[in-house]
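Welcome! Take a look at the model first, then work through them in order.

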Amino acid sequence: MRREGMEFTLRSATVNDIEFIYELRTKTMKLFFEGTLGWNEAKEREKAADELTNAEIIMVGQKRAGIIKVIPRTDELHLHQMQILPEFQKKGIGAELVRQTIKRSEQSRMPITLFVVKNTPAKNLYEQFGFMVSHDFEHNCKMCRYPSEN
C-alpha cells in the first residue's frame with residue numbers, strides 16, 4: 001500500500017511475532033510510559049500477546065516495521081495498538097493506516113475509539129484526522145472519531 005509515503009504491506013500476526021511486538025512496544029512506548037503511567041515488563045509482555053487475531057504486522061519489503069491492532073466491537077472499531085519502528089516513522093505509514101481505519105469506520109458506520117498517552121506524537125496525528133478527546137485522564141485520554149453524516 002502506498003499513498004503519500006513509503007510502500008508497505010500488512011500480514012496477519014502470529015505467535016512468532018510476539019517478541020517483535022514486545023520489542024517494538026519497548027522501543028516506541030517505554031520512554032513515554034516511564035514518565036507517566038509507569039512501565040511494567042510483565043504487563044507489557046501480556047499486551048504484546050493480546051488480541052493477536054486482530055493484529056497485522058506492517059511489512060516494508062521483508063522487514064517487520066510495526067503493528068496495528070483494530071478490534072471490531074458491537075458498536076465501534078477500537079484502534080487498540082499502532083506502533084511503528086522509529087526508522088519507519090514520519091514516512092506516511094501511520095497516516096495511511098489511520099486513513100484505512102477511517103474507511104472501515106465509514107463503511108461500517110461505526111466510530112473509531114482509541115486510548116493514547118498525552119505526551120506522544122501519536123495524539124497529534126489522530127487530531128489531524130478529526131479524532132476528538134472524549135475522556136481525559138491524568139496521563140492519557142480516550143479519543144473518538146465518528147463516521148461522516150452522509
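**Exercise 1.** What volume does the second largest pocket have?

*Solution.* Before starting, note that this is a predicted model, where local features need pLDDT of at least 70, side-chain atom pairs count only at pLDDT 80 or more, and totals for chains, interfaces and linings use all residues. Residues are numbered from 1 along each chain as its sequence is written, and side-chain values use heavy atoms, leaving out hydrogens and water.

Step 1: the volume of the second largest pocket is about 180 Å³. A pocket is an open set of points on a 1 Å grid over the protein atoms alone, where a 1.4 Å probe fits, with protein on both sides within 12 Å along at least five of seven lines; lining residues have an atom within 4 Å of a point.

Step 2: its lining has 13 residues, and Leu10, Glu56, Ile68, Val70 and Arg104 lie nearest the centre.

Step 3: α3 gives the largest share of this lining, four residues.

**Exercise 2.** Find the largest pocket and describe its lining.

*Solution.* Step 1: the largest pocket has a volume of about 1,000 Å³. Its lining counts 38 residues, with Met29, Met82, Gln83, Ala122 and Tyr126 closest to the centre.

Step 1: α1, β4 (77-84), α3 (93-108), β5 (112-117) and α4 (121-128) each give two or more residues to this lining. The largest share, seven residues, belongs to β4.

Step 2: by class, the lining has 20 nonpolar, twelve polar and six charged residues. Here Ala, Val, Leu, Ile, Met, Phe, Trp, Tyr, Cys and Pro count as nonpolar, Asp, Glu, Lys and Arg as charged, and the others, Gly among them, as polar.

**Exercise 3.** Work out how α1 and α2 are arranged.

*Solution.* Step 1: the axes of α1 (residues 18-34) and α2 (residues 41-49) come within 9 Å and cross at roughly 130°. Helices are DSSP runs of H or I with at least four residues, strands are E runs of at least two, and axes are lines fitted to C-alpha atoms, with angles from 0 to 180 degrees between N-to-C directions.

Step 1: α1 and α2 are therefore oblique to each other.

Methods: Parallel < 35°, antiparallel > 145°, perpendicular 65-115°, else oblique. Points joined across faces, edges and corners; volume = space filled by probe spheres on them.
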